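Please keep the sequence and the structure in view while reading.

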Amino acid sequence: MSTLDHAPDELLVAIAATVESEQSNQMSLTVVTGGSVITGRLAPEAVWRQRVAEVLTDSDSLGAFSGTFTTPRPPQHEHPTHLHFHVARILQGTTGIPETGGMYRVAIADVTAWTVGDFSYSDR
């Protein structure tokens, strides 16, 4: 499904809005999108963008793209439209890819199933 096929899940929008307003990175979430399972922790968009910019800046061949993520942009939507995962993995069988976790941006409207919690972290 694409973002045009259905309205985004109101609960998921509320979770994303809370992450944005609290500036917290402690919310663990697992989503199904495009047939893939992504599990990790959500980050506020500004924090996510900054981290991606840092990774790109450190790259010899991709440094020129870092400014794309640090350029301030005016709010375009009343509610969040994307989930911003950090230290996240795409689950493939019993393996999480990448092992160290990655940075993923997922359109909320493209999420077909989700659950609170993360298959790669323990809060104990």
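Predicted model: local features only at pLDDT ≥ 70, side-chain atom pairs only at ≥ 80, totals over all residues.

Q: Which elements give two or more residues to the lining of the largest cavity?
A: The count of cavities of 30 Å³ or more comes to 1, and the largest cavity holds about 40 Å³ of space. The elements that give two or more residues are helix H1 (10-22) and strand S3 (82-92).

Q: What is the order of the strands in the open sheet?
A: Strands S1 and S2 run antiparallel and are joined by 6 bridges. S2 also pairs with S3 in the antiparallel sense, over 5 bridges, and S3 is in turn joined to S4 by 8 bridges. With 5 strands in the open sheet, the order is S4-S3-S2-S1-S5.

Q: Which are the edge strands?
A: The open sheet has the order S4-S3-S2-S1-S5, with antiparallel pairing. An edge strand pairs on one side only. From one strand to the next, the twist averages 35 degrees. The edge strands are strand S4 (95-107) and strand S5 (111-116).

Q: Which residue is the bridge partner of Val37 in S3?
A: Strand S2 covers residues 36-42, and it pairs with S3 in the antiparallel sense. In S3, the partner of Val37 is Leu91.

Q: Which residue in S4 does His84 stand opposite?
A: S3 and S4 run antiparallel and are joined by 8 bridges. In S4, His84 stands opposite Arg105.

Q: Which residue takes a positive phi in the hairpin of S3 and S4?
A: This hairpin has 2 residues between the strands. A positive phi near 65 degrees is found there, and the residue that takes it is Gly93.

Q: At about what angle to S4 does helix H2 run?
A: Helix H2 comprises residues 45-57 and lies across S3 and S4. S4 is one of the edge strands. The angle between helix H2 and S4 is about 125 degrees.

Conventions. Residues numbered from 1 in each chain as written. Heavy atoms only, no water. 1 Å grid on protein atoms, 1.4 Å probe; cavity = no way out; pocket = protein on both sides within 12 Å on 5 of 7 lines; lining within 4 Å. Points joined across faces, edges and corners; volume = space filled by probe spheres on them. Helix = DSSP H or I, 4+ residues; strand = E, 2+ residues; numbered from the N terminus. Pairing = 2+ DSSP bridges. Axes fitted to C-alpha atoms, helices over the stretch in contact; angles between N-to-C directions. Contact = heavy atoms within 4.5 Å.
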